[in-house]
Amino acid sequence: MASGQAYPPFEEESPLPSTSVQSPQQVADDEVPGPSVPWVDPSPQPQSLGMKKKREWSDESEEEPEEEVELERTPEPKDTWVVEMLCGLKMKLTRKRASAVLPEHHEAFNRLLEDPVIQKFLAWDKDLRVSDKYLLAMVIAYFSRAGLFSWQYQRIHFFLALYLASDMEEDNQAPKQDIFSFLYGKDYSQRPLFHKLRYQLICSMRWRTWVSPEEMEEIQAYDPEHWVWARDRTLIS
């Protein structure tokens with residue numbers, strides 16, 4: 001897995017959360033099927049006064065000193081015990097894993113699926129080399145761990161999460177390079193920035209990059225008729 005220079009994420013108290021992800025100048029060139037569209041920074045949406053701004057990461061100037069602030073993290077969901085079998089005075093308990101994936105994370109994912117660049121990318125990846133249903137389920141899992149508000153997730157977060165999912169699950173690491181080919185074409189200048197943001201994503205998740213098969217199935221079971229779950233690589237002849 002490629003690694004970049006660490007820029008610790010930080011958070012501060014602010015009544016109006018805002019994102020500060022820098023928009024690259026180019027998404028793709030004319031020599032690849034990907035679009036040539038800059039990343040869009042949506043205008044901040046109002047939040048209630050006194051609300052803590054969740055952690056966010058950006059590609060601000062590397063020369064500015066960063067003040068370390070103690071992070072206020074959302075409490076981790078706790079596992080629960082459920083009764084599986086009751087026989088006389090004996091009972092069998094099983095431990096049920098508490099999922100951190102909330103409906104808002106599914107909503108953020110669905111909103112990004114309406115992005116024209118992401119739609120073109122999914123159509124472009126006809127062999128599902130980097131966007132089959134399991135890798136896409138991992139994108140939702142990563143959204144639940146990164147700690148941003150649902151409206152803060154942008155196009156770049158989708159591609160960062162998808163690249164990281166391919167990093168974790170695929171033995172053949174070549175297909176994930178298709179993401180670079182689609183976004184930047186033959187322009188290599190944007191790749192260091194991409195890897196820097198990827199590293200910040202990993203740090204924001206506290207290095208919890210592994211997603212269990214059970215969690216992937218649970219994510220798909222939230223909306224089993226969703227069209228992305230039909231992207232099954234094993235069904236391609």
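Student: In which helix do phenylalanine 180 and tyrosine 184 both lie?

Tutor: The structure is a predicted model, in which local features need pLDDT of at least 70, side-chain atom pairs count only at pLDDT 80 or more, and totals for chains, interfaces and linings use all residues. Helices (DSSP runs of H or I, at least four residues) and strands (runs of E, at least two) are numbered from the N terminus. Phenylalanine 180 and tyrosine 184 are four residues apart, about one turn of the helix, and both belong to helix H5 (residues 177–184).

Student: How is the ring pair of phenylalanine 180 and tyrosine 184 classified?

Tutor: Rings of Phe, Tyr and Trp (its six-membered ring) pair if their centres lie within 6.5 Å; planes under 30 degrees apart count as stacked, over 60 as edge-to-face and the rest as tilted. The whole structure contains 14 aromatic pairs. For phenylalanine 180 and tyrosine 184, the ring centres are 6.2 Å apart and the planes lie at 25°, so the pair is stacked.

Student: Is phenylalanine 180 buried or exposed?

Tutor: A residue is buried under 20% relative accessible area, exposed over 50% and partly exposed in between (1.4 Å probe, protein chains only). The relative accessible area of tyrosine 184 is 2%, so tyrosine 184 is buried. For phenylalanine 180 the value is 1%, and therefore this residue is buried.

Student: Which residues have the most contacts inside the largest nonpolar core?

Tutor: A nonpolar core is a set of buried Ala, Val, Leu, Ile, Met, Phe, Trp, Tyr and Cys residues joined through side-chain atoms within 4.5 Å. The largest one has 47 residues, and the most contacts inside it belong to Phe158, Phe159 and Phe194.

Student: Which helix supplies the largest share of this core?

Tutor: Helix H1 (103–113), helix H2 (116–124), helix H3 (133–146), helix H4 (155–169), H5, H6 and H7 each contribute at least two residues of this core. The largest share is ten residues, and the helix that supplies it is H3.

Student: Which residues does phenylalanine 194 touch?

Tutor: Contact means heavy atoms within 4.5 Å. Leaving aside residues up to four places away in sequence, phenylalanine 194 touches Ile156, Phe159, Leu160, Tyr163, Phe180, Leu183 and Tyr184.

Student: What is the phi of tryptophan 207?

Tutor: Most residues other than glycine have a negative phi. Arginine 206, in the loop between helix H6 (191–204) and helix H7 (213–222), has a positive phi near 55° and is partly exposed at 34% relative accessible area. Tryptophan 207 lies in the loop between H6 and H7 and counts as exposed at 53% relative accessibility. The phi of tryptophan 207 is also a positive value, near 65°.

Student: How are H3 and H7 oriented to each other?

Tutor: Axes are lines fitted to C-alpha atoms, for helices over the stretch in contact, and angles run from 0 to 180 degrees between N-to-C directions. Angles under 35 degrees count as roughly parallel, over 145 as roughly antiparallel, 65 to 115 as roughly perpendicular and the rest as oblique. H3 and H7 pack at about 90°, with their axes 9 Å apart. The two helices, H3 and H7, are therefore roughly perpendicular.

Student: What pattern does the chain follow along the sequence?

Tutor: The secondary structure comes to seven helices and two strands. Read along the sequence, the pattern is β-β-α-α-α-α-α-α-α.

Conventions:
Residues are numbered from 1 along each chain as its sequence is written. Side-chain values use heavy atoms; hydrogens and water are left out.
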